[in-house]
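I opened this notebook to keep track of what I looked up, one topic at a time.

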Amino acid sequence: MKDTRLSITEKPVDTLDSDLVVYFATQRKEMPPLCDTAVKALVKNAHALGDFTGKADETLLYYPLAGTRTDSAGARRILILGLGTADTLQLAPEFFETLRKQGGNIAKTCEKTKTGTLAVCLPQISGISVEKIAEALAEGILLGDYRFSKYKQTTRKKTDYPGIASIWFSCDKGAPSARKGAKKAMNAADAACKARDMANEPGNGWTSEAFADYAGSLADTHGLTCTCLGKKEMENLGMGGILGVNQGSTTPPCLVILEYNPGKKADTLLLVGKGLTFDTGGISIKPAAGMEEMKYDMCGGAAVLAAMAAVAMEKPRLRVVAMIPATDNMPSGSALKPGDIITHVNQVTSEVVNTDAEGRLILADALAHGIKTFQPDCVVDIATLTGAVIIGLGHHYTGMVSNSDDLARRLESAGQEAGEPVWRLPLNKDYIKQIESKVADIKNTGGKAGGTITAAAYLSKFVGDSPWAHLDIAGTAWDFTEKSYIPKGPSGTGVRTFIQLIRSWKKWKPDG
């Protein structure tokens, strides 16, 4: 993400030199929206014409006449955004999502008008802290200002919009709280945008080695502990899942482990992200149409690794370990074949009936090894695992399967707060029976019926009694619900959910 300067000031917004000044308005029944006195006349006039009511999805862009000066200062442009009715403002998660979306609308207006400097008059809402308002609004602006142009070499123009250079948040009181919220927003948005950057990289640009290099740079910068297991170490440990998927590749696999330890006795959260840097399907090859999108199959690994950047910045009282099993899945003379049997690190044997169901193979080894090594209080894995989750939930919810009601509730709450909703699916012995094999302990697919759940059933064989949750982001990692702060392509889903989960962490109780 480009560097954007975000500052908090108690100076009136009309004293700030900016290309665009932003105000907010609250909808009122049969009356002009409630707003700052500086734009009251503008809003009243727009309301009378039926152009603006203050609804949560409304925007009003105004251009003061040249040479004139209003109460909103000599701003070149004035943007007024609706927040909805007073009762909706008290629905905290929904209201914060409204602020994020309106933040995204601000970013889109800045792009349209080539705005470099932005001044925002923070709304004052009774009963809602200015910290949370600043956090949600800043997240929306920064996430909405995202762009990926690294490989635009000969087609890039000097006139292309580079993004917002500086943002001022003006509030007449509560500046320290607003500053705290803005800082949290910058950490989360920067992490999510980094995950988007990783996913936007082509398969020949983001490899298993790139995961290792980025983890190493985070460790060097923030004092984290980084370990990268190579092919030889995996062979010694018996990681048949990762090694099997990697058989057809010329690029060696890597199991990246990044640890943050607060140095005191603390709960341990293990995060495991699928790092499949490109998925052809292997011998069970995918159709050619749309296969280029399989560079996104590492979005789970990107989410886990990017979240660690925010963890390192915020230093929670929680030990967090991130693991990314990284490889690609290629067809070749040495590739894993349908019908082959592999042995995982915990000695579970698996009949590979479809080499395109490879994500669960690499996650299985990482889960088993991570739980044995770090003895976490709970573990969450995240992966673009099944197309079946898109059939069931579309692109609007992340699918979740868990053996822990407490962990599931925590993730549901964190996802709601982050605007990244999750929906829990069931898991019982009937689904587990679908992955029984006649020639091995298990097989890696259970058929089309309940495909998302049977994929999770496979992973459940590698977590033992550990409280565990699986997040399937195949429908939300890209082509996520259209929002003003979500770009086309990779969304960065999962990053802010993990950050919120960690920020709101309460002592883990074994009985839930």
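The entries below follow that order.

**Entry 1: the chain as a whole**

I noted before anything else that this is a predicted model, and I kept that in mind for every value that follows. I counted the elements and found 15 helices and 19 strands in the chain. I then looked up the extent of the C-alpha atoms, which fill a box of roughly 80 × 55 × 45 Å along the principal axes. For 512 residues a compact globule would have a radius of gyration near 24 Å, and the chain has 24 Å, so the two agree.

**Entry 2: two places where strands pair**

I went to strand E11, residues 275-279, and asked how many of its residues are buried. The count is 5 of the 5, so E11 is largely enclosed by the rest of the structure. Its pairing with strand E12, residues 319-329, is parallel and runs over 3 bridges, and I found aspartate 279 opposite asparagine 329 in E12.

I next looked at an open sheet of 3 strands, whose order is E13-E14-E18 and whose pairing is mixed. Strand E13 (340-343) and strand E18 (442-443) stand at the edges with a single partner strand each, so one side of each has no neighbour in the sheet. E13 pairs with strand E14, residues 349-352, in the antiparallel sense over 4 bridges, and here isoleucine 341 stands opposite glutamate 351 in E14.

**Entry 3: the largest pocket**

I turned to the open spaces and recorded a volume of about 670 Å³ for the largest pocket. There are 30 residues in its lining, and the closest to its centre are Lys286, Asp356, Leu385, Thr386 and Gly387. The elements that give two or more residues to this lining are helix H10 (359-374), helix H11 (388-393) and helix H14 (451-460). Sorted by class, the lining of the largest pocket holds 10 nonpolar, 11 polar and 9 charged residues.

**Entry 4: the second largest pocket**

I found about 490 Å³ of space in the second largest pocket. Its lining has 27 residues, and Asp36, Cys121, Leu122, Pro123 and Gln124 lie nearest its centre. Strand E2 (20-28), strand E3 (31-35) and helix H2 (86-89) each supply at least two of the lining residues, with the largest share, 4 residues, coming from E2. By class I noted 16 nonpolar, 5 polar and 6 charged residues in the lining of this second largest pocket.

**Entry 5: the cavities**

I finished with the cavities, and a search of the whole structure finds 4 of them at 30 Å³ or more. Which residues lie nearest the centre of the largest cavity? They are Arg100, Glu135, Glu139, Glu417 and Gln500, out of 13 lining residues, and the space in this largest cavity is about 130 Å³. Helix H3 (92-113), helix H4 (130-144), helix H12 (405-418) and helix H15 (495-503) each supply at least two residues of the lining. I recorded its classes as 5 nonpolar, 1 polar and 7 charged residues.

How values were computed. Residues numbered from 1 in each chain as written. Predicted model: local features only at pLDDT ≥ 70, side-chain atom pairs only at ≥ 80, totals over all residues. Heavy atoms only, no water. 1 Å grid on protein atoms, 1.4 Å probe; cavity = no way out; pocket = protein on both sides within 12 Å on 5 of 7 lines; lining within 4 Å. Points joined across faces, edges and corners; volume = space filled by probe spheres on them. Nonpolar A, V, L, I, M, F, W, Y, C, P; charged D, E, K, R; others polar. Buried < 20%, exposed > 50% of the residue type's maximum accessible area, 1.4 Å probe, protein only. Pairing = 2+ DSSP bridges. Rg over C-alpha atoms; globule rule 2.2 N^0.38 Å.
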